[in-house]
Amino acid sequence: MITLAISGKGGTGKSTISALIIRWLAGMKGGPILAVDADSNVNLNDLLGIPLKETIGAIREEMRAKISNLPGGMTKQQFLEYKIQSSLVETKDFDLIGMGRPEGRGCYCYANNLLQDVLHTLASNYKYVVIDNEAGMEHLSRRTRQAIDYLLMVSDPSPRGIATAGRINRLLAELETRVAKRYLILNRAAHPLSPAVEKAIAAEKLELLAAIPEDQNLLMMDREGVPIWSLPLDSVGFEAVSQMMTKLDLGRERT
Amino acid sequence: MSKIISTKAIRGAHKLVARAEKELQRVLDEKGPQAKVEFPNTGYYLPISYGILGLKVETLGGLQELLDEAKRLLPPLPDERLWVPYLGHTLDAGMASLFADEIIEAIKYTHNPLPYLAETSPRDGHLWLGAAHDVIMRERGIEFVDGTAPGFAACVGYCPTNEMAVKIARELQEKNLYVFMSAATDGKSMAQQLAEEGIEMGWETRLVPFGDDVTATVHALGFSTRVALSFGGAQPGDYQRILRYNKNRIFAFVLALGPVDDEKHAQAAGAINFGFPTIAETDIDNILPTGICTYEHVVSPVPLDKIVAKAVEVRGLKIVVTKVPVPVPFGPAFQGERIRKEEMFVELAGSSGHGFEFLTTRNLDEVEDGKIEVIGPEIDDIEEGSQLPLGVWVEVAGRQMQPDFEPILERRIHDFINMAHGVFHMGQRDINWIRISKEAKDKGFKFRHLGSIIHAKFHGEFGKIFDKVQIKIHTREKEVMELIELTRKVYRERDERIGSLTDEAVDTFYSCTLCQSFAPNHVCVITPERSGLCGAYSWLDGKAAHQISPTGANQPIKKGQVLDSIKGRWQGINEFVTTSSHKTLEAFNAYSMIDNPMTSCGCFECISCILPSTNGIMVVYRNYAGLTPSGMKFSTLAGTVGGGVQTPGFIGHSKLYVGSAKFISAEGGAKRIVWMNRELKEELAPVLKKIGERAGIPDFSEMIADETVATTEEEVLAHISKTNHPALAMPSMF
């Protein structure tokens, strides 16, 4: 199993990049893919052109609400497993799971402890796990005990954006989340990069993996609200993501 | 105790002893007392007399000694008019018969040519093998010890047809039992019938023809006596140990096929000494009361097609299915495997269809072990991508089975089915969900294999508590819908039973230290009547979590000695709490909020604290942001209660705990509640109604103040005085 987490502030285009990665992996046919929508604000499912069923957040709330009255004397572990397994949206190329809203007040120790187990077991069924993650790393640090193989931090090509990416980078080091490799991706970046941006990258000690150029097709796709699958394969954005994935040497593994 | 059987057995013993005496006299006259006599190639002499009496018979003179012993044991024939307890006499007659058998069989070995083959299997039309050599005994006897073969069936007489003889032999072989055959009736025996059908016999196939004489039956018991001497560490002459070893370790029984004469009755009586019961086809009456054997001693009449199943049951033989008979890899490694839609051949039940999994107890004669029926389409009858309803109906029977075990067994269906590679299982009861992969289907996996898995794994895991299981797999909407109503009724009854589980009814509580990352010295103790204070964990959850991860945050704690039953204090719990709280706590009382109350992490749903002037307590839920009559907000109260310290007068707890009979029962229980925040009061309305009913105060709920009538302790006191709240009349809390 190879886990990629794509993270970044809202508006940086990380969900679009996540969708492009999923499409590219699906095209490579290297094995089953689990897409995880872990950002409560943006909907990865829309980009992928599929509906979202019940989210993990909703299931967790239901479990907490029903705690004294679970159906049929089920243990909570079993209930949660059942609900999560049936919340998956299944397609030919990949399955999608939505994390939903962050938790409210009250004690979540037990629910999250169970969730970690269930999600970990589920994820181990897939060759690739692609997590579209919200910026705060909430899910990485608390809700999954997933080891991350590649963390791709998406930023716009601005010194401020890069500083944010740098902050996440340092935070992760402190949190001891198991992340094997961390890279920076600049989205909607013009070539060459400005000296200020180059300087910021160096200052934050980030490794730049790819600079993805502005893509008119993607902009139009966004405006029209059509899914990623309608993007022509020779679009510059998709080509850039293809090169990036090839650089990571991904997609060629066979199950 | 049957007088008829006793009489026949004792009469048979007399006949056998007389025959032994006559034959011995003839051979003594011919060869003299010094003539050698032995079973061939054994160090155990004549094994039964050596084992039971410690007697080493090596000569005809030794046989005379054995005969004297047999005669001494021989009881008088029962008086036709006088009724006395016969079991002791029957047992003695049985043992005397076995000695007589050994004398007669030993004399056969003095003949030339030898009456029995020296080989391990029949040859050239010679069928009978006689006493086993020590080499065979060591090689085969170890199988009784390591469980490869649970025991043997000593088959006497013959079957009405050869087909039936073959069928019985096969059934016994399937259960890994040895089939020892002897004692022809009217010149016909089961071994001959098998020979006529061309069945291969011998020690290798576990079908062993001992001899056509009734006395050859003794070689079966001789064999198991040698096993006890050789592997059981029993000393010659230590008859108690030998007999007990046989009863406890060797699952053997006698199958009496066809008519049973006096001499065969005598053999059965001999077998009872070893704890081996007799099951007869013809009506020879019964010896039912338990005493020597594990269950019944003699059971008859039993139809031949049921005789093996009955024998297995009466002997208490546990069936072990070592390999789960499914055409796909099987094991715990395949649990957690998801069958993705693209890989799936069929989906059963789940969110888009109806289904259930149900286990119920039946009588022993209503269950045929291993019977699996598929009612509705099988996997071959349907198209790829189909969705079907699924009802799994499991019936178990067993002498140790109790209805309380039903949910425990039923829940494990989930784990077991998930072990099959290519099969995905979720849920239980009436929310079950199964997917079977195309790959599994291609390998030959059928719906009936769900039953095979249940049969094999249940025997493996729960063999101690049940004996037989049969499974019906329903895949037709009509039957599934009909049965689902039945099952739901039972599920409801079970839930009510679980709901009534009390702290006194169990000897083990569960700890929860999940929250120690926040409150390092806090430990929750979860009892049937007190859930974890976060509200998430019930006692059953703790138990289930411990089973899933034995070294996790939920550990079983033995209650140990009761130190105070009113306050809820136990020796074992205190010791555990002391260790787990890193010695910051020495004791706590589960049912008191005044004297060493249970600590809290910070996760509690509610806080209860005393309002001294009212002689009662207030309960506030964590969502309530306003000021409480204690003069503090929830957040301030939480600071007082949390962090794993004991604060007399303050406890954190779950919402549901308010409804427990053990809620601060040391201080008088829920009747002490004088104030609750409105939201909580509304949510717990049904609970408060029950508390009122229990206490005989129907309008208890109205007596409790909330923030709409009281936000200070004085206002609470005014309200409860007006409503005549029971707390006012209760003893002081301090």
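**Labels and their grounds**

Analyst: P113(B) is found in the loop between helix 4 (87-108) and helix 5 (134-146) of chain B. The peptide bond from N112(B) to P113(B) is cis, with omega near 0°. Keep in mind that this is a predicted model.

User: What makes the bond between S300(B) and P301(B) cis?

Analyst: Its omega is about -10°, and the bond is labelled cis. P301(B) sits in the loop between strand 6 and helix 11 (307-315) of chain B.

User: Why is the pair R338(B) and E90(A) called a salt bridge?

Analyst: The cut-off is 4 Å between a side-chain nitrogen of Lys or Arg and a carboxyl oxygen of Asp or Glu. The closest N and O atoms of R338(B) and E90(A) are 3.0 Å apart. That is within 4 Å, so the pair qualifies. The rule finds 3 salt bridges across the interface of chain A and chain B. Polar contacts there come to 6 residue pairs, with both residues at pLDDT 80 or more.

User: Which elements of chain A give two or more residues to the side that touches chain B?

Analyst: They are helix 4 (76-87) and helix 5 (109-123) of chain A. Helix 4 of chain A gives the most, with 7 residues. By class, this side of chain A has 11 nonpolar, 12 polar and 7 charged residues.

User: How do you know how much area is buried between chain A and chain B?

Analyst: The size of an interface is often given as the accessible area lost when the parts come together. For chain A and chain B that area is about 2900 Å². Carbon and sulfur atoms give 57% of it. In residues, 30 of chain A are in contact with 36 of chain B.

User: What does the salt bridge of R399(B) and E296(B) tie together?

Analyst: First the label: the closest N and O atoms are 3.2 Å apart, and the cut-off is 4 Å, so the pair passes. R399(B) lies in the loop between strand 11 and helix 12 of chain B. E296(B) lies in the loop between strand 5 (278-280) and strand 6 (298-299) of chain B. The pair therefore ties together parts that are 103 residues apart in sequence. Over all chains the count comes to 53 salt bridges.

User: Why do strand 8 and strand 9 of chain B count as edge strands?

Analyst: The open sheet has 4 strands in the order 8-11-14-9 (chain B), with mixed pairing. Strand 8 (355-361) and strand 9 (372-375) each have a single partner strand, so one side of each is left without a neighbour in the sheet. Strand 9 of chain B pairs with strand 14 (468-474) in the parallel sense over 4 bridges. Two bridges are enough for a pair, so the label holds. I372(B) has I471(B) in strand 14 as its bridge partner.

Methods
Residues are numbered from 1 along each chain as its sequence is written. Chains are lettered from A and ligands numbered from 1 in the order in which they are written. This is a predicted model: local features need pLDDT of at least 70, side-chain atom pairs count only at pLDDT 80 or more; totals for chains, interfaces and linings use all residues. Side-chain values use heavy atoms; hydrogens and water are left out. Contact means heavy atoms within 4.5 Å. Buried area is the accessible area (1.4 Å probe) that two parts lose on being put together, summed over both. A polar contact is a pair of N or O atoms within 3.5 Å; within protein, one must be able to donate a hydrogen and the other to accept it, and residues adjacent in sequence count only if both atoms are side-chain atoms. Ala, Val, Leu, Ile, Met, Phe, Trp, Tyr, Cys and Pro count as nonpolar, Asp, Glu, Lys and Arg as charged, and the others, Gly among them, as polar.
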